Amino acid sequence: MRVTASGHHADGFEEAHAVQQARYPVAEPGWQPVHTVYVPADRFSAGTVAAWGDEALALAKAHLAGPGELAEVFGLPAVLATAVHDRVLRKLAAEPVEDLRVDFEDGYGVRPQEEDGHVEQAVEALARMHESGTLPRRWGPRVKSFADGDPARSLRTLDGFVTGMVERAGELPGGFTVTFPKVVMEDYLAQFAGFLQRLEEGLGLGGRLRFEIQVEAPQTVLFLRGDLAEALGGRLAAAHFGVFDYTAAIGLPPHEQRLDHPACDHARHVMQTAFAGTGVELSDGSLAASPASGSAGDVHALWRRHAELVRHSLAHGFYQGWDMHPAHLVSRFATVYAFHLARYDSYRDRVLAWEERRAAGGGVMDEPATIRTLAAALRRADSALS
């Protein structure tokens with residue numbers, strides 16, 4: 001039997017396709033910070049970002065005197081080291097921190113009698129930074145986890161932070177996000193998103209409040225899925241991996257609690273699988289170490305180890321990570337810049353070859369999916385290098 005053209009249309013296709021487009025928009029990568037810096041709330045001030053930049057720049061000038069030393073520390077060819085060295089110094093002087101979190105969780109501790117006061121101090125400091133044009137492109141608080149059993153404390157701090165910022169600055173400056181840690185139960189996500197909606201409506205912010213979750217409990221990995229952002233009303237902006245809580249929770253011995261452990265690779269790959277095509281950004285974790293001393297040997301050793309971890313993250317498709325000490329800024333930017341610059345020209349040539357319908361250098365004939373990846377890599381590089 002021959003069916004008509006209209007009979008070739010699958011029942012329910014339009015509805016399923018509409019869900020696909022909403023759930024998996026597959027947008028081109030936009031600007032994403034290469035790192036997040038978090039500072040305990042009681043140690044944060046309007047001068048913290050500048051102080052981190054000054055310390056990082058002083059370390060770079062003291063222990064990376066020129067491109068030759070940078071090439072030796074980070075294992076780069078001379079030509080690449082020259083380009084990276086110049087970019088790192090300029091970046092540290094102009095924008096040492098791209099994404100800032102004022103921490104009211106692990107880095108802050110439990111101090112209920114003081115937290116409200118530190119919220120007020122943080123708001124005042126951030127408002128002053130906004131007025132002076134020194135507020136990082138991304139910024140916000142990390143609040144306490146609901147898993148601690150006291151959600152009221154978490155929400156009180158968030159309310160005071162956002163409301164105080166709107167009152168003090170006259171608006172909620174762009175780039176705001178809030179980090180929600182240790183999401184042991186999926187229900188906590190809907191509860192948190194619901195509070196954001198109510199807070200947003202009360203302040204008349206109109207769709208401004210989004211949040212990022214920290215994947216630092218094995219239970220969290222089990223409920224990550226593609227429709228999670230959709231189920232939360234589009235409020236889920238990012239997922240950040242928490243290496244130390246995660247590795248402790250699954251029972252790894254202390255000396256194996258490291259970002260490049262295979263168990264961490266597994267968790268990150270689940271994150272990638274769950275959120276592919278959704279527009280939810282991904283970030284890797286951190287290195288909990290600082291230079292053992294101010295000597296060149298100790299500083300170089302810290303930079304080499306941090307660079308190894310950053311390269312591991314980049315190779316696994318995680319283009320953002322967490323930095324915990326001013327010294328990390330040097331190795332973060334040096335490694336990220338080297339990663340993008342080393343392949344930029346070859347990626348561009350392969351895209352041009354595809355557009356001109358010819359084989360690239362070495363006779364490479366790329367598939368369409370590879371070309372899309374190459375083009376995305378070039379956009380990501382332009383963003384990171386700008």
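This is a predicted model: local features need pLDDT of at least 70, side-chain atom pairs count only at pLDDT 80 or more; totals for chains, interfaces and linings use all residues.
Helix H2, residues 48-63, comprises 16 residues and reaches 22 Å from its first C-alpha to its last, close to the 22 Å expected at 1.5 Å a residue.

The buried residues of H2 are Thr48, Val49, Trp52, Gly53, Ala56, Leu57, Leu59, Ala60 and His63. They lie on the same side of H2 because they cover an arc of only 165° around the axis. An α-helix has 3.6 residues a turn, so residues three or four places apart point the same way. On the other side of H2, Asp54, Lys61 and Ala62 are exposed.

The largest pocket holds about 1100 Å³ of space. Its lining counts 37 residues, of which Ala27, Pro29, Tyr319, Ala376 and Arg380 are the closest to its centre. At least two lining residues each come from helix H11 (262-275), strand E7 (281-283), helix H13 (326-355) and helix H14 (368-385). H14 gives the largest share of this lining, 13 residues. By class, the lining of the largest pocket divides into 21 nonpolar, ten polar and six charged residues.

The second largest pocket has a volume of about 390 Å³. Among the 20 residues that line this second pocket, Tyr38, Gly107, Arg142, Trp322 and Met324 are the closest to its centre. Here helix H2 returns: H2, strand E1 (35-40) and helix H10 (243-249) each supply at least two residues of the lining of the second largest pocket. That lining has nine nonpolar, six polar and five charged residues.

Note on methods. Residues are numbered from 1 along each chain as its sequence is written. Side-chain values use heavy atoms; hydrogens and water are left out. Helices (H or I, at least four residues) and strands (E, at least two) are DSSP runs, numbered from the N terminus. The expected span of a helix is 1.5 Å times one less than its number of residues. Buried means under 20% relative accessible area, exposed over 50%, partly exposed in between (1.4 Å probe, protein chains only). The arc is that of the directions from the helix axis to the C-beta atoms. On a 1 Å grid over the protein atoms alone, a cavity is a set of points where a 1.4 Å probe fits but cannot get out, and a pocket is an open set with protein on both sides within 12 Å along at least five of seven lines; lining residues have an atom within 4 Å of a point. Grid points are joined across faces, edges and corners, and a volume is the space filled by probe spheres set on the points. Ala, Val, Leu, Ile, Met, Phe, Trp, Tyr, Cys and Pro count as nonpolar, Asp, Glu, Lys and Arg as charged, and the others, Gly among them, as polar.
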